[in-house]
Amino acid sequence: MTAQARPWTAPVATTPVSAGVRLPGSKSMTARALVLSALADGPSVVRRPLRARDTTLMAAGLRALGVAIDTTSDEEWRVEPGPLRGPARVDVGLAGTIMRFAPPVAALADGTVTFDGDPHARNRPLRPIVEALRTLGVVIDASPTGGLPLVVRGTGLVEGGEAVIDASGSSQFVSGLLLSAPRFAKGLVLRHEGPPVPSAPHLRMTTHMLRAAGASVDESVPDVWAVEPGALHGRTWDIEPDLSGAAPFFAAAMVTGGTVTLAGWPRESWQPVGRLTELLTALGAEVTQDDNGLTVRGTGALHGINADLSEVSELTPVVAALAALADSPSELRGVAHIRGHETDRLAALAAELGKVGAGIVEHPDGLEITPGPLRPAVFETYADHRMAHAAAVIGLAVEGVQLTDVACTSKTLPEFPELWADLVTGS
């Protein structure tokens, strides 16, 4: 808990929630749109972006490299590419997107670019992307662990070519290299060797958005991505609401037997809405989509599940909270890589869900969760927005759950405490 943080008592739901929620844009889409716009051959507009710590730090980092980004409007951010140059300093905060997406951009800059961030950011894995960039001819100084602090010594050109990477720790290693690859002189053929790459939907988002910006991407061979050299074009990016950010609100409908509609949800999405629907349905929800948006209805029951969450690992904390409130045990697996997120999420969930009374068995890649009589507790948030979401979901049904620092939700949704309180109280 930070010195400034005060415990926040999660509101208890006394009646079923019923609400339409309009959430800010997807963090993942906003980050990718900013990078592609920064590397484009003309100006771009990012509509309905997410304004939160991760995305404003990304914009600031790209500005430091010479890109003009106007973020004064909440509705539209305007990006005007410019010559990439150093010297520059980039604060990554605790954002995996910045520490993995921005170094390849910095490699295209003429000058030295230094990266660092929050203390825990130095623990987040970065070595695979550093080693891949070195293979491609980029000079980088890294810490002894291969991560932050990092110094990229750009010459204004990346030769490109072929590289091999173990991206089992994060799909962002692949996405970070692919986003800049069209600007490499020879493009990029990137081959993954190792355990399966997690979060495949995020990789599909990357390749979809690259093609939308004019890039030629071949992913027909499993675990191989080939990007041709060529121009990226400026365009207007329409950012979808953030699906991971919606998860706790959908969970509120399920816990309380209520209804929550996420407004503005597109019929055709670049996010893994199908997998989310499968998971929530298995847990006991009814999920529908119409012109009003994506709606989740609680049925009055929560069921345990046996699920591989490797494609939707960001949902693990909220799904684990629902599992702790279910009518039977659950087994969640396929998410060993979330130990390297903002915190070791599996260890953190095991500790905090155990604290409130759930039976937990921690495995290298997941958790077994046995519901039990739950009790009040102080729920440590570990400076991790998803841990705060999990605690808030537990607090719907358990009076006296206190979060050590709800302000950590500002990473992706600064308005979370107010939105959550309004949802629960019906105001």
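This report describes a sheet with its packed helix, a group of aromatic rings, and some backbone features of one predicted model.

Residues are numbered from 1 along each chain as its sequence is written, and side-chain values use heavy atoms, with hydrogens and water left out. Because the model is predicted, local features need pLDDT of at least 70 and side-chain atom pairs count only at pLDDT 80 or more, while totals for chains, interfaces and linings use all residues.

## Annotated span

The UniProt record, an unreviewed entry, carries the annotation "domain: Enolpyruvate transferase" for residues 14-418; UniProt positions are given in the numbering used here, feature names are shortened, and annotations may be inferred rather than shown by experiment. The end C-alpha atoms of residues 14-418 lie 18 Å apart, and the span is 32% helix and 23% strand. Helices (H or I, at least four residues) and strands (E, at least two) are DSSP runs, numbered from the N terminus.

## The four-stranded sheet

Four strands form an open sheet with mixed pairing, in the order β2-β15-β17-β16, where two strands pair if DSSP finds at least two bridges between them. The edges are held by β2 (18-21) and β16, each of which has a single partner strand, so one side of each is left without a neighbour in the sheet. With direction ignored, neighbouring strands of this sheet are turned by 15° against each other on average; axes are lines fitted to C-alpha atoms, for helices over the stretch in contact, and angles run from 0 to 180 degrees between N-to-C directions.

Strands of a sheet pair through backbone hydrogen bonds, either parallel or antiparallel. Strand β15 (residues 259-262) pairs with β17 in the antiparallel sense over four bridges, and within this pairing T261 stands opposite T295 in β17, while the bridge partner of L262 is L294 in β17. Strand β16 (residues 285-290) also runs antiparallel to β17, to which six bridges join it, and here Q289 stands opposite L294 in β17. A hairpin through two residues joins β16 to β17.

Strand β17 (residues 293-298) is mostly covered, with five of its six residues buried; buried means under 20% relative accessible area, exposed over 50%, and partly exposed in between (1.4 Å probe, protein chains only). Helix α7 packs on the sheet, touching β2, β15, β16 and β17, and the direction of α7 makes about 35° with that of β17. Contact here means heavy atoms within 4.5 Å.

## Aromatic rings

The structure holds three aromatic pairs. Rings of Phe, Tyr and Trp (its six-membered ring) pair if their centres lie within 6.5 Å, and planes under 30 degrees apart count as stacked, over 60 as edge-to-face and the rest as tilted. Two of these pairs are set out in the table.

| Pair | Centre to centre | Angle between planes | Type |
|---|---|---|---|
| F249 and W420 | 5.6 Å | 65° | edge-to-face |
| F416 and W420 | 5.3 Å | 25° | stacked |

F249, F416 and W420 form one aromatic cluster. F249 counts as buried at 2% relative accessibility, W420 is buried with a relative accessible area of 0%, and F416 counts as buried at 0% relative accessibility.

Elsewhere, the charged end of R235 sits over the ring of W237, 4.3 Å from its centre; a charge sits over a ring if NZ of Lys or CZ of Arg is within 6 Å of the ring centre and within 35 degrees of the ring normal.

## Backbone features in loops

Most residues other than glycine have a negative phi, and most peptide bonds are trans. The peptide bond from G86 to P87 is cis, with omega near 0°, and P87 has its place in the loop between β5 (76-80) and β6 (88-91). A cis peptide bond also joins L148 and P149, with omega about -5°, and P149 lies in the loop between β8 (139-141) and β9 (150-155).

S199, although not a glycine, has a positive phi of about 55°; S199 is found in the loop between β11 (188-192) and α6 (200-212) and is buried, with a relative accessible area of 8%. A383 is likewise not a glycine and has a positive phi of about 55°, but A383, in the loop between β22 (377-379) and α11 (385-397), is partly exposed, with a relative accessible area of 44%.
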